[in-house]
Amino acid sequence: MSTRIKICGITRARDGVAAAQAGADAIGLVFYPPSPRFLNVERAREIRDALPPFVQTVALFVNPDAAQVAQVIGRVQPALLQFHGEETPAFCAQFGLPYLKACRVSPGVDLLKYLQPFSTACGWLLDAHVEEYGGVGASFDWSLVPPNLERPLVLSGGLTRENVATAVRRVKPWAVDVSSGVESAKGIKDAAKIAAFIAEVRNADA
């Protein structure tokens, strides 16, 4: 199986293009105002319009209101939504688009109990539990990932070119999601780091 790859926190059109050219399947656009990678809809549209065919755009939210999500859907037309906060299953499912639900992993968190209500999600994303809601390079103990999850697993949290091959071999996720691990500064992607990261995923697949 070919592990899918999402490069998250894209803030510049050229970084989205670099991700696509290196072989990424999707890019993430962050609509969470406290994030250093936050985008307004005009910038997000610029990035979307620069992408070649068959590279998906994923709109990431943390505890948004429905009006914010609806505005992004109407203006940016993402392929997929990603919810990282304490959204309810009914909230996530109301927009008529496929969605990912994230769970922040820490010892003592019952991942299955948290995620099973989100049975309508197209995938479950596991990330490290940090105050800033991701993008800070923190990883978690991969042994906490339950086997045979009901939904496809997207692995996130502290992935880099140095550890992603090990993560893919050990966890066998459907996809991996990276942000800070391919940056030269917050929100500024490094094309060489993106290419190296994707090469390591492909090595692990092989």
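Biologist: Is Thr-11 buried or exposed, and what is its relative accessible area?

Modeller: A residue counts as buried when its relative accessible area is under 20%. Thr-11 has a value of 9%, so it is buried. Keep in mind that this is a predicted model, and every value here is computed from it.

Biologist: Where does Thr-11 lie, and which residues does it touch?

Modeller: Thr-11 sits in the loop between β1 and α1, the latter covering 13-22. Setting aside residues up to four places away in sequence, Thr-11 touches Arg-37, Leu-39, Arg-43, Ile-47, Gly-187 and Ile-188.

Biologist: Which backbone nitrogens lie by polar atoms of the side chain of Glu-87?

Modeller: The backbone nitrogen of Asn-63 lies 2.7 Å from a polar side-chain atom of Glu-87. For the backbone nitrogen of Gly-85, the distance to a polar atom of that side chain is 2.9 Å.

Biologist: How far apart are Glu-87 and Val-62 in sequence and in space?

Modeller: They are 25 residues apart in sequence, and their C-alpha atoms are 8.0 Å apart. Val-62 is also one of the contacts of Glu-87 beyond four places in sequence; the others are Phe-61, Asn-63, Pro-64, Cys-92, Lys-101 and Phe-118.

Biologist: Now the strands. What holds a sheet together in general?

Modeller: Strands of a sheet pair through backbone hydrogen bonds, and the pairing is either parallel or antiparallel. In this model, eight strands form a closed barrel with parallel pairing, in the order β1-β2-β3-β4-β5-β6-β7-β8. Neighbouring strands of this sheet are turned against each other by 25 degrees on average, with direction ignored.

Biologist: What packs on the sheet?

Modeller: Helix α7, residues 191-205, packs there and touches β1 (4-7) and β8 (175-178). The direction of α7 makes about 160 degrees with that of β1.

Biologist: How many bridges join β2 to β3, and β4 to β5?

Modeller: Five bridges join β2, residues 26-30, to β3, and these strands run parallel. Within that pair, Leu-29 stands opposite Ala-59 of β3. Three bridges connect β4 (residues 80-83) with β5 (residues 99-105), again a parallel pair. There, the bridge partner of Phe-83 is Lys-101 in β5. Lys-101 has already come up, as a contact of Glu-87.

Biologist: How many residues of β3 are buried?

Modeller: Strand β3, residues 56-61, is mostly covered, with five of its six residues buried. For the protein, buried residues make up 51% of the 206.

Biologist: Let us finish with the overall form. How many helices and strands are there, and why is the protein called as compact as a globular protein of its length?

Modeller: The protein has seven helices and ten strands. Its radius of gyration is 16 Å, close to the 17 Å that the globule rule gives for 206 residues, so the protein is as compact as a globular protein of that length. The C-alpha trace spans about 40 × 40 × 30 Å along its principal axes. Of the contacts with a separation of 6 or more, 54% are between residues 24 or more positions apart.

Note on methods: Residues numbered from 1 in each chain as written. Predicted model: local features only at pLDDT ≥ 70, side-chain atom pairs only at ≥ 80, totals over all residues. Heavy atoms only, no water. Pairing = 2+ DSSP bridges. Helix = DSSP H or I, 4+ residues; strand = E, 2+ residues; numbered from the N terminus. Axes fitted to C-alpha atoms, helices over the stretch in contact; angles between N-to-C directions. Contact = heavy atoms within 4.5 Å. Buried < 20%, exposed > 50% of the residue type's maximum accessible area, 1.4 Å probe, protein only. Rg over C-alpha atoms; globule rule 2.2 N^0.38 Å. Polar contact = N/O pair within 3.5 Å; in protein donor to acceptor, adjacent residues only side chain to side chain.
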